[in-house]
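Hi everyone, thanks for making time.

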Amino acid sequence: MNNVLRQDVWQILRQHVTSEVLLKHCLAVEIAMRAYAVKFEGDAAYWGTVGLLHDIDFEKYPEDHPEHAREILSSHGYDENFITDVQSHARDWPMERTILQKVLLAVDEMTGFVIACALVRPDKSLDNLEVKSVVKKMKDKAFARAVNRETLITSAEDMGIDIKEHIEFVIKALAEATKKPEYQELPLIG
Ligand SMILES: [Fe+2]
């Protein structure tokens with residue numbers, strides 16, 4: 001996807017999400033999805049768009065999320081497959097997930113957790129964040145309590161990727177992307 005089209009997707013998201021925290025979360029998930037698409041030989045633009053729009057209904061319908069993604073996304077012309085991919089990150093999704101859908105679940109919580117770990121560093125940076133410090137924080141129940149540790153672990157297992165490798169992959173993807181121009185408008189950290 002070229003930058004013009006990605007900009008259109010970003011504008012669609014902004015029509016439905018105003019919270020900066022949620023927008024940053026969507027950007028982080030987009031970044032991780034694009035990086036994993038390359039690893040799994042998927043279409044990076046498509047995977048990235050699924051990531052960017054995966055929480056499009058969350059602000060308006062926090063109770064029923066991601067049920068309302070259907071009407072919002074179809075009103076913008078997204079097809080059934082795309083809507084299914086977005087809705088598959090419902091924690092109680094009844095079907096076997098595809099690899100894209102497994103990755104979406106695995107990066108949904110891990111991106112936020114890794115960013116939370118970076119924010120408590122003295123330099124507030126992802127650049128020097130070590131895997132072992134993220135693993136340590138996972139064991140600290142008081143830290144970022146909203147992040148479900150079991151989901152972090154089982155979703156990585158479902159992808160077939162070692163948890164430490166997953167953490168390292170997400171740190172690297174986010175750290176690299178934060179230096180790109182398209183992520184300067186709303187920096188993930190700061
Ligand atoms: Fe999410």
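**The pocket and the metal**

Let's start with the largest pocket: α2 (20-39) and α6 (99-119) each supply at least two residues of its lining. Helices here are DSSP runs of H or I with at least four residues, strands are runs of E with at least two, and both are numbered from the N terminus. Before I go on, this is a predicted model, where local features need pLDDT of at least 70 and side-chain atom pairs count only at pLDDT 80 or more, while totals for chains, interfaces and linings use all residues. Residues are numbered from 1 along each chain as its sequence is written, and side-chain values use heavy atoms, leaving out hydrogens and water.

Back to that pocket. Its volume is about 540 Å³, and 21 residues line it, with Val21, His25, Asp108, Gly112 and Val147 the closest to its centre. What do I mean by a pocket? On a 1 Å grid over the protein atoms alone, it's an open set of points where a 1.4 Å probe fits, with protein on both sides within 12 Å along at least five of seven lines; a cavity is a set the probe cannot get out of, and lining residues have an atom within 4 Å of a point. Grid points are joined across faces, edges and corners, and the volume is the space filled by probe spheres set on them.

Which helix gives the most to the lining of the largest pocket? That's α6, with seven residues. By type, the lining divides into eleven nonpolar, five polar and five charged residues. (Nonpolar is Ala, Val, Leu, Ile, Met, Phe, Trp, Tyr, Cys and Pro; charged is Asp, Glu, Lys and Arg; the others, Gly among them, are polar.)

Now the metal. The iron ion is coordinated by His25 (NE2), His54 (NE2), Asp55 (OD) and Asp108 (OD), at 2.1 to 2.2 Å. Donors are N, O and S atoms within 2.8 Å of the metal (3.2 Å for Na, K and Ca), and water is not among the atoms, so sites may look incomplete. Along the chain, the donors of the iron ion follow the spacing H-x28-H-D-x52-D. The angles among the four donor atoms run from 84 to 173°, and the site is irregular. For the record, four donors are tetrahedral if all angles lie between 85 and 135 degrees; four are square planar and six octahedral if opposite donors are over 155 degrees apart and all others between 65 and 115; anything else is irregular.

Histidine 54 and aspartate 55 are both buried, meaning under 20% relative accessible area, with exposed over 50% and partly exposed in between (1.4 Å probe, protein chains only).

Next, a few backbone spots. The peptide bond from histidine 65 to proline 66 is cis, with omega near 0°, and proline 66 sits in the loop between α3 (44-53) and α4 (69-75). Glutamate 41, in the loop between α2 and α3, has a positive phi near 60° despite not being glycine, and at 74% relative accessibility it's exposed. Lysine 124 has a positive phi too, near 45°; you'll find lysine 124 in the loop between α6 and α7 (131-139), partly exposed at 49%.
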